[in-house]
Structure formats: structure tokens, C-alpha cells
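This report walks through selected features of one protein model. Keep the sequence and the 3D view at hand while reading.

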Amino acid sequence: MSINNPVRTLNPEVARKIAAGEVIDRPNAIIRELIDNSIDSGATNITVEISGGGIEKIRIIDNGCGMTREDLENCARPHATSKITTEVDLMNLSTLGFRGEALASIAAVSRLSIISGGWKMRASITEDHILEPVAPTQGTIVQSEGLFENFPARRQFLKRAATEGVMCKNTFIEKAMARPDIAFRFISDGETKIDLPSGQTLKDRFIQANSYTEAPELFYQLDNHSADWSFDVVIGEPAVNRSNKKEIVIYANGRKIQEYSLVQAVEYGGQGYFPNGTYPVAAVFVNIRPDLVDFNIHPAKKEARFYDISSLHHGLSSTIKAFFQQYSYSNFTNGQTADSLTPELDAFSVPDQIHQNIPIKSAPAISADNTGTSSYQSSPSPVYERHISYKTSETSNHNLSDFRSQYLGLKSNTQKESTPYIPSETGNTVSLAAAALAAQTESPLTSEPAIKFLGSCLGTFLLAEKNSSLYIIDQHAAHERILFDKLMKNQDGSGKQPLLIPYKINTESKSQDNQLEKLQPKLGAIGFETKKVSDGHWEINSIPERWTGTEYDLRTLLFVKQVEPDEIIRSIAAMTACKAAVKDGYVLDDETAAKLVETAFTLEDPHCPHGRPIYTVITREKLFELVRRT
């Protein structure tokens, strides 16, 4: 370096404190590491006690296999571990801990003691550990006291005891969620805060550990598997939503990790079913072959590197999407249960292996009152009704050409002169929008409709009466869904445009090449004509006609965000439908509005592509209640 500042070797005490800082930065990190050790020991009962937010004391008691005197002599030395022997073992990890730095790091920044196998060990980072005989105990008791008292520069950055205590509690919950087969107890300053019994299902553990206020019936557990991986998902119905993605958590082989692509897979799976700007509440528990994932890339094991995550990403998003398709169908089918709907669910385009693994019988319990309205008994969300049948007869003379003529203000051989259009307050008229509606809502009128159109209100809502209930339909959302469904049904790859200068996609690994090869047919089906030039080099010679992105955007969607081709075209269709649909403030003439209302009730999914409900319903009884009429 220089004469005044020569390079020198740090003394062991300073070196260990620096190393410990990468692993132990606050009390909850001690809890994280010690619970991992307890789980690895085979414990079926784990108790965590803290005092002063974990700064004063952390004590963890388990009933695992325990430790011998020789184990206690070596366990708090740097890189002392019983879980790996050679570097090859790093590629086949089956334990949560493996590097042997946890106990040594805790000993470097606090007073560490361990009782197990009839011995008590008090750790020292400069001298031999002190061992003394004690009464035999089952399992192990590990205690950390006075965190950072020998490291004032680090201690001053700790938060107040109450805040650190909350972090300790959250880490405890994080560890307990993945192991419902183990009993966990959390005690803070002598008071039991959380007590989780063993033998729970993942769903029950997820709900109880997080103390969710929503009814358990609003959560579902799904699963799927392949040769290389399997997973379970606990997810809430659309009524259980949040304004951010913080409550979508991912576990891999028992560890909670930060994995953006799998969070995104959950988001994609629920896309179109959750209200705009909201996200699911979900936990994903992945089990994957140890040689296909590397946890040795982060000091606290909070991240992982997957050999090829595309298959897992697809399986997760497809499983969740298939479930919500079935859920939506059963939810809006006049109170029928999922068991009675099972034969009809084959209409959904779901891969067989995914379809078979979704627990249909866990579909929501739906009751029907005497008005025919389906409702959840405990859901705080608005009550909707799914209409799949009403009175129909032979198609009347109001065929499509007649509608076009009428909506355009032209005379027809079978129609009287049409009613003039009603302008909105802003002066917008909707003759062209009405004509578009006529062309895009091709369900024929019925001679005896069971739906009575009442009129429009507030510039954006349409009112209708059916089965003694009042329906309030969002005209924009309804038209948007009609257009979206039409666009999605017409995606046959024909609507593509050739590129004068092809996109050039350079892959970074063989796994990305394999991914593109697998996606090639699907990309071609939606308009991305893909050609492999050589290993690592691809060309895109055509794109969907509505695609407005760049080759960088496409590469990001495929390799960074792991978006499925179907989702790419879905987002294009959703954007196109939203822009083309009638807007707030457009006043439709009565016949066009009635046509839109009728078609809205025939939609398989009564949500706009962004997840907003198309309509809400108020029963006659509810109206009586609102005006206090008996």
C-alpha cells in the first residue's frame, strides 16, 4: 500500500467481527440461524424466547438430536460444520445450514452458551471454549446475550427494542411457515405471542402464523409437480388482496428466498382476477432437486440461483391461472359447487397434468338465496352473480346487418328509422361506438329476455333488473371484456407484420437456448416468427401487428421477467380492448345499451382484463334493508 500504511494481517478478533457482520447484523439474524440448526437436528418442537427485542437475550430450545461433548468443543469455531465435507456436497444440499459460520459469528458479537448432551459450553473467540457438566437435557438449548456489547459501533445502529422484537417475530414466522409438521412457540419478555401446533396443513399454518383476519375459507392450497420439482401454493381468493407484492412469499427447499421471477409467476397466474392495482396474498413452497439450485450465493442464504427456472415459472403461473378460471366459473354459476361443475371445466385450455393436480373440491363454498344470487357468507367483497342461462327463443329478425344499419342511423328493410343518438354533456356522440358494439357483441337478442334494461346513469353505469335484483353494470368494463375476449379468440398468428430488419436475440446460456426452442411454436402462434441462426443467436422475423415494444422489451419479457407468450399477447389484447371500449361520459342509445347489458351477462368471466368486476348486484331484500322497509 505505502510505507506509512503497509499491508498487514488482521488479528483474529477483528477478522471474526468483520466476518460476523455479513451474517449477524441484528437480533433476528441470530434467530434465523439458530432455528435452521434446530430444524436440521430433527426437532419436532422449537421454542424461541427473546428479551429486550433480542438484544439482551435470545434463547432457543429444541428437542432435536442434541450434541456431544466433542461437538460442543468445535461447533463455534469458524467454518466448523457437520453438514458438508467437500465442495461436491455444496451441489447436493439437503440441510438449511451448511457453511459453519453461524455459531462462530454469533460468538464473535455476543455471549454464546449451549447446553446439550449433559454439558454446557460457553464460547470464546480468543481462547478455548469453556465446558462444564450439567444435568442431562433432551435436545439443545442455545442462548445469546448482550448482542454487540463488545462492538459499540455496530450496536448504535440497532433500532429500539420494540422494533427489533417485531423483526425477530417476523423471522420466526418466516421459518415456522415452511414446517407445519413442527410445533413452534414464540415468547417475548415472558409473554407467549405465537403458539403453533405441529401437524397443521400448509394452509392452516400460513393463516395462523400470519394472523390473517380474513376467513380461512377464502384461502386455497394448490399443488403441482414434475420430475425435477414440486410445489404447494397457498393463495387467497380475489377478495383477499393487497396494494403491493410484499405478501407474496417464496420458499425453496424450506428456505425463504427473494426470487422475483416466481413472485411474478404468481402475479401472472392471478392476472385478470384481482382488482386493478392489487396483488394476491400467497406463499409458494418449492421443492427442487438440490443439484438444480445453488444457495451458496448470499451470506444470509436469502437468494438462490436456479439452473433453469423457466419450467417452474410456467408450472406455477399455469396452475394458479387454471385454478382461478375454475374458481371464477364456480363462483358465478348460480350457487353450484365445484363438484357439480367438474365435467364442465374441461372447456378451459389447461394442460392435463396441471388440471389433474388442482384440488377442485377446495373451491369456495357458495350458497344461494331464493333470488338465485350466489354469495359468500364471510366475504367482505361485493356480491356478484354469474348468469349462464336465461330465457331464449329462436333468433329474431334483428340480425347483425340490421343492427349495423340501425346503429349507423340508416334505414333497413326490416327496421323503422332508428332513434337519434343521445349526446353526452361533453358533446360526445357515440354513433361509431354503437356501431362497433353492434359488430362486436354478436349474441342475438331474445324475444323474451329475462333481463329488463332500465336505463343509464352517472355517465358510465347501466341499470338492469333480473330475478328481483338490481344490477349496476360498468359500461366501459363490460365493453372492454367483450372486445378482449374477441381479440383472444382470434389469435391464430395471422395478424402479424414482417420486419425489414429482424430482431436479433443473443442468449447467454444453453438454458436460454433451450427455453427459446421450447417457446418457438407458441411465439409463432401469436406472431413472433422465430429462427435460430446458431447457438446463442436468434432472429425474430415478424411480430404481432399490435406489438409496440422493442427487441429489448421482448428479450426482457422472455428471459428476465419469464413471461409466457400467452401473457405477452394477453397484455397486448387488454391494452387494445381498453383503448377501444366506450369511455366514461359516453351516453349510449337505449338499444345499444340494452344489447351491451345482455351480452355482459353471457360472459364467462365477469371481470375486465385488469380484474375489475363488470357489474355488482343489489337484491330486493338488500334495497329494503337500505331504506329500512320491512
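## Strand E6 and its partners

Serine 113 stands opposite glutamine 143 in E6. The strand that pairs here with E6 is E3 (residues 111-116), in the antiparallel sense and over 6 bridges. Two strands count as paired if DSSP finds at least two bridges between them. Helices (H or I, at least four residues) and strands (E, at least two) are DSSP runs, numbered from the N terminus.

E6 also pairs with strand E2 (residues 57-62): 6 bridges join them, and they run antiparallel. Here isoleucine 58 has serine 144 of E6 as its bridge partner. How many of the 6 residues of strand E6 (residues 140-145) are buried? The count is 5, so E6 is largely enclosed by the rest of the structure. Buried means under 20% relative accessible area, exposed over 50%, and partly exposed in between (1.4 Å probe, protein chains only).

Strands of a sheet pair through backbone hydrogen bonds, either parallel or antiparallel.

## Basis and overall make-up

This is a predicted model: local features need pLDDT of at least 70, side-chain atom pairs count only at pLDDT 80 or more, and totals for chains, interfaces and linings use all residues. Residues are numbered from 1 along each chain as its sequence is written, and side-chain values use heavy atoms, with hydrogens and water left out.

The protein chain holds 19 helices and 26 strands. Of its 630 residues, 49% are buried. Contact means heavy atoms within 4.5 Å. Among the contacts with a separation of 6 or more, 69% join residues 24 or more positions apart.

## Glutamate 164

Glutamate 164 belongs to helix H6 (residues 161-177). Is glutamate 164 buried or exposed? Its relative accessible area is 0%, so glutamate 164 is buried. Setting aside neighbours within four places in sequence, glutamate 164 contacts Arg26, Pro27, Gly53, Ile55, Leu158 and Lys159. Glycine 54 lies 110 residues away along the chain, yet the C-alpha atoms of glycine 54 and glutamate 164 are separated by 7.0 Å.

## The sheet E20-E21-E22-E26

An open sheet is formed by 4 strands in the order E20-E21-E22-E26, with antiparallel pairing. Strand E20 (452-457) and strand E26 (615-619) stand at the edges. Each has a single partner strand, so one side of each is left without a neighbour in the sheet. From one strand to the next, the twist averages 20°.

Strand E22 (residues 469-474) is joined to E26 by 5 bridges, and the two run antiparallel. Isoleucine 473 has tyrosine 615 of E26 as its bridge partner. Helix H14 (residues 475-489) lies across strand E21 (461-466) and E22, at about 70° to E22. Axes are lines fitted to C-alpha atoms, for helices over the stretch in contact, and angles run from 0 to 180 degrees between N-to-C directions.

Most residues other than glycine have a negative phi, and most peptide bonds are trans.

## Helices H15 and H16

Helix H15 (residues 510-526) packs on helix H16 (residues 551-560) at an angle of about 110°, with the axes 11 Å apart. H15 and H16 are therefore roughly perpendicular to each other. Angles under 35 degrees count as roughly parallel, over 145 as roughly antiparallel, 65 to 115 as roughly perpendicular, and the rest as oblique.

From H15, Gln512, Gln515, Leu516, Leu519 and Leu523 meet Arg555, Leu558 and Phe559 of H16. The residues of this contact divide into 5 nonpolar, 2 polar and 1 charged. Ala, Val, Leu, Ile, Met, Phe, Trp, Tyr, Cys and Pro count as nonpolar, Asp, Glu, Lys and Arg as charged, and the others, Gly among them, as polar.
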